[in-house]
Amino acid sequence: MYLVKDIGGAIGLMAVALVLLGTWPVVLAVLERRGRLPQHTFLDFSLTNFLAAVLVALTVGQIGPDTPETPNFLTQLTQIQDNWPSVLFAMAGGVTLSLGTLATQYGWAFVGLSVTEVMASSLKVVIGTTLNYFLDGRINRAEVLFPGVGCFLIAAILGSLVHSSNAADNQEKLANSLLNYSNSNTRNTEANGEDLTKHLIEKEIPKDPEEAKTDAVQVSTPTLEKVEAGTAEFLVTLEEKRSIKVLGSHTLLGLGIVVFAGVCYALFSPAFNLATNDQWRALPAGAPHLVVYTAFFYFSLACLAVSVGLNAWLLYRPMVGVPRSTVAAYLRDGGGGRGLALLAGMVCGLGNALTFMAGQAAGYAAADSVQALPLVSTFWGVVLFGEYRRSSRRTYTLLASMLLMFAVAMAVLMASSNHRKPL
């Protein structure tokens, strides 16, 4: 199998992984904004995410000599009777990643792509990098590492403040829209406000995808492309098209979803670290460690199983106002949306593979430190989605502070990286 052994190569892999891991969330967010059900999207995403692990394992996992110390992927698949404790650690990591990604998909709708990615990644570093620091034998310089972790925690707090400020800005835009609406009519102002609020926030959501399609034909609404980003009309039009309805929802709900996602993300890398390096000495004496490609295969297999199981259940028992669906409706829901979801799964899978390959060379604490992917997602969120357009100066100041603190934290944590000592 092919292994990266130098710091330069590991950093190169991390750089490519950052672009991949910062881009796939944008694709799924686009589909949700177009109205595709998150259950349908995540089922497609999970399939190619697992396919990426299989492709990586059958290619670079089979390159090079097959030795007892570093067996190739196919050889190690037959040794599960010796390395099953490491297999369980790898699968536990896949379970937490699946739960985190599922929660993140709903977090984008409630909190926005930019804040969700920054908060989730910050929590991942605060918890995950600390765990990996001890698992990797404390090779990172603590006097540099932990101030960087503190910067990530500050970035997460600023992210919650950005969301609260932006939510207040949106409520003010809608309130001004209500006022303009009432002033343009001769009926009672209070009654007008109640009618429009009901239309904007409490509009009845079709409980079946087929009903939604029928309503879409009968009712013509403006497209997002024809509405200026950041306006009240833009918010209403987006709410009518998207599959997860969030206008009028409580701020703490969105933040709670993101915190849950961040905690799940924080656990999958330490679990993978234990799977490949056996710091807890769970393997029998003489049994080779689980190689990164075999561990990634079991990791992705568990992620697939949990994702398919949960989303199949959510088809019939959806959350947070998402329309109910069926397996038959999912199979019929193809087109461009399915292609984009499949592409996102492949991009995510390859990004995670490169990160784990780099972690074997530079240590998983170092690999976790390079969490600049929210900078990529924030760029797409601002440029592509018009997030924070026409927001207040306070929101812009908090957003800039959040990103600056995030960049500082990244630089500090990268400065603490070092070669991982062999166990």
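Predicted model: local features only at pLDDT ≥ 70, side-chain atom pairs only at ≥ 80, totals over all residues.
## Overall architecture

The protein chain has 423 residues, of which 54% count as buried, and its secondary structure comes to 16 helices and zero strands. Among the contacts in the chain with a sequence separation of 6 or more, 84% are between residues 24 or more positions apart.

The largest nonpolar core is made up of 85 residues, and those with the most contacts inside this core are Trp24, Phe152, Phe272 and Phe356.

## The crossing of α2 and α4

Two packed helices are described by the angle between their axes and the distance between the axes. For helix α2, residues 38-58, and helix α4, residues 80-111, the axes come within 11 Å and cross at roughly 145°. The crossing in which α2 passes α4 is right-handed.

On the α2 side, the contact is formed by Pro38, Thr41, Phe42 and Phe45, which meet Ser98, Thr101, Leu102, Gln105 and Tyr106 on the α4 side. By residue class, this contact of α2 with α4 divides into five nonpolar and four polar residues, with no charged residue taking part.

Which residue meets Asp44 with an N to O distance of 2.8 Å? The partner is Arg36, whose side chain forms a salt bridge with that of Asp44, and both residues are buried. Arg36 counts as buried because its relative accessibility is 8%, below the 20% under which a residue is called buried, and Asp44 is buried because its relative accessible area is 1%.

Arg36 also forms a salt bridge with Asp333, the closest N and O atoms being 3.2 Å apart. This pair links distant parts of the chain, since Asp333 is in the loop between α12 (327-332) and α13 (335-362), whereas Arg36 is in the loop between α1 (7-33) and α2, 297 residues apart. Asp333 counts as buried because its relative accessibility is 18%.

Asp44 in turn forms a salt bridge with Arg338, again with the closest N and O atoms 3.2 Å apart. Arg338 lies in helix α13 and Asp44 in helix α2, so the pair ties together parts of the chain that are 294 residues apart in sequence. Arg338, too, counts as buried because its relative accessibility is 18%.

Leu37 is found in the loop between α1 and α2, and it counts as buried because its relative accessibility is 8%. Although Leu37 and Ile244 are 207 residues apart in sequence, their C-alpha atoms are 8.0 Å apart in space.

Gln39 is found in helix α2, and despite its polar class it counts as buried because its relative accessibility is 0%. With residues up to four places away in sequence not counted, the contacts of Gln39 are Asn311, Leu314, Leu315, Pro318, Val322 and Pro323.

Where does Ser300 lie? Ser300 is found in helix α11, which spans residues 292-316, and it is buried because its relative accessible area is 1%.

Is Leu153 buried or partly exposed? This residue of helix α6, residues 142-183, is partly exposed because its relative accessible area is 41%, a value that lies between the limits of 20% for buried and 50% for exposed. Leu153 and Ser122 are 31 residues apart in sequence, while the distance between their C-alpha atoms is 6.1 Å.

Key
Residues numbered from 1 in each chain as written. Heavy atoms only, no water. Axes fitted to C-alpha atoms, helices over the stretch in contact; angles between N-to-C directions. Helix = DSSP H or I, 4+ residues; strand = E, 2+ residues; numbered from the N terminus. Left-handed = near helix turned anticlockwise from the far one by under 90°. Contact = heavy atoms within 4.5 Å. Salt bridge = Lys/Arg side-chain N within 4 Å of Asp/Glu carboxyl O. Buried < 20%, exposed > 50% of the residue type's maximum accessible area, 1.4 Å probe, protein only. Core = buried A, V, L, I, M, F, W, Y, C linked by side-chain atoms within 4.5 Å.
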